[in-house]
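Please look at the sequence and the structure before reading on.

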Amino acid sequence: MNPIPMKQSLPLILTLALILPSGLRAELVPLTDLEPVSAIDRGGKNPLEIKDGKKRKLFLDTAHPKGELAVGPRTFERGIYFSEMKQGIDYELNGNYSGFVAEVGVRRKGPASFDVLADGAFRFESGPIGDGEKRTVMLDVSDVNTLTLVVNRLDDLWTHVVIGDPYLIRKPR
């Protein structure tokens with residue numbers, strides 16, 4: 001696993017202060033350090049793969065060739081960059097984590113929405129997000145086996161959505 005950068009975002013630090021009981025120390029795990037168990041786009045294809053000369057449309061810890069891992073003025077060190085009108089990605093948590101935190105925003109071609117599902121049930125729905133706008137996600141995932149992140153374009157065009165600094169909080173051992 002990659003070490004957590006020393007320069008953390010303020011929302012992440014505040015989130016930890018709110019989630020952790022005093023005296024406990026959290027181990028932060030970048031979500032992108034976990035191997036996704038699946039990813040799917042609107043055509044039923046895996047957007048992490050490059051096949052038949054088609055470009056990849058989902059990027060982990062890197063940006064689309066025509067973009068940055070950023071929303072508005074904020075650039076992220078870690079993240080997931082979606083460049084399709086409907087995409088989803090699944091991670092197996094197997095109940096090993098207590099929290100999930102991230103900032104999600106539309107880089108360009110909004111509006112879009114962002115949903116988080118826990119074992120198939122909705123845990124977070126962003127509502128419409130416009131270009132340059134962000135939402136902070138803070139979720140209890142202590143009972144979650146599979147975490148699913150879904151991006152939906154709210155009209156018929158393409159969109160570019162960034163999930164910035166997505167971290168899991170490992171349960172104390």
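**Basis of the model**

The model is predicted; local features need a pLDDT of at least 70, side-chain atom pairs count only at pLDDT 80 or more, and totals for chains, interfaces and linings use all residues. Residues are numbered from 1 along each chain as its sequence is written, and side-chain values use heavy atoms, with hydrogens and water left out.

**The chain as a whole**

The pLDDT is the predictor's confidence in each residue, from 0 to 100. Its mean over the protein chain is 79, and 73% of the residues reach 70 or more. Among the elements, helix H1 (residues 10–19) has the lowest mean pLDDT, 51, whereas strand E10 (residues 121–125) has the highest, 95. Over residues 1–10 the pLDDT is below 50, and this stretch has 18 contacts in the model beyond near neighbours in sequence. A contact means heavy atoms within 4.5 Å.

The protein chain contains one helix and 13 strands. Helices (H or I, at least four residues) and strands (E, at least two) are DSSP runs, numbered from the N terminus. Of the contacts with a separation of 6 or more, 76% are between residues 24 or more positions apart. Buried residues make up 48% of the 173 residues; buried means under 20% relative accessible area, exposed over 50%, and partly exposed in between (1.4 Å probe, protein chains only).

**One antiparallel sheet**

Strands of a sheet pair through backbone hydrogen bonds, either parallel or antiparallel. Here, five strands form an open sheet in the order E2-E7-E12-E9-E10, with antiparallel pairing. Its edge strands are E2 (38–41) and E10, each of which pairs on one side only. Two strands count as paired if DSSP finds at least two bridges between them. Strands E9 (residues 112–118) and E12 (residues 146–153) pair over seven bridges in the antiparallel sense, and Ala112 has Arg153 in E12 as its bridge partner.

**Residues in the sheet**

Gly88 is found in strand E7 (residues 86–92). Gly88 counts as buried because its relative accessibility is 8%. Not counting residues up to four places away in sequence, Gly88 touches Ser38, Ala39, Ile40, Leu149 and Val150. The C-alpha atoms of Gly88 and Asp115 are separated by 9.2 Å, although the two residues are 27 residues apart along the chain.

Thr146 lies in strand E12. The side chains of Thr146 and Glu92 are joined by a polar contact of 3.0 Å. A polar contact is a pair of N or O atoms within 3.5 Å; within protein, one must be able to donate a hydrogen and the other to accept it, and residues adjacent in sequence count only if both atoms are side-chain atoms. Beyond four places in sequence, the residues that Thr146 touches include Asp90, Tyr91 and Leu117.

**Two residues with positive phi**

Most residues other than glycine have a negative phi. Asn94, which is not a glycine, has a positive phi of about 50°, and Asn94 is found in the loop between E7 and strand E8 (97–108). Asp165, also not a glycine, has a positive phi of about 45°, and its place is in strand E13 (residues 160–170).

| Residue | Relative accessible area | Class |
|---|---|---|
| Thr146 | 19% | buried |
| Asn94 | 46% | partly exposed |
| Asp165 | 11% | buried |
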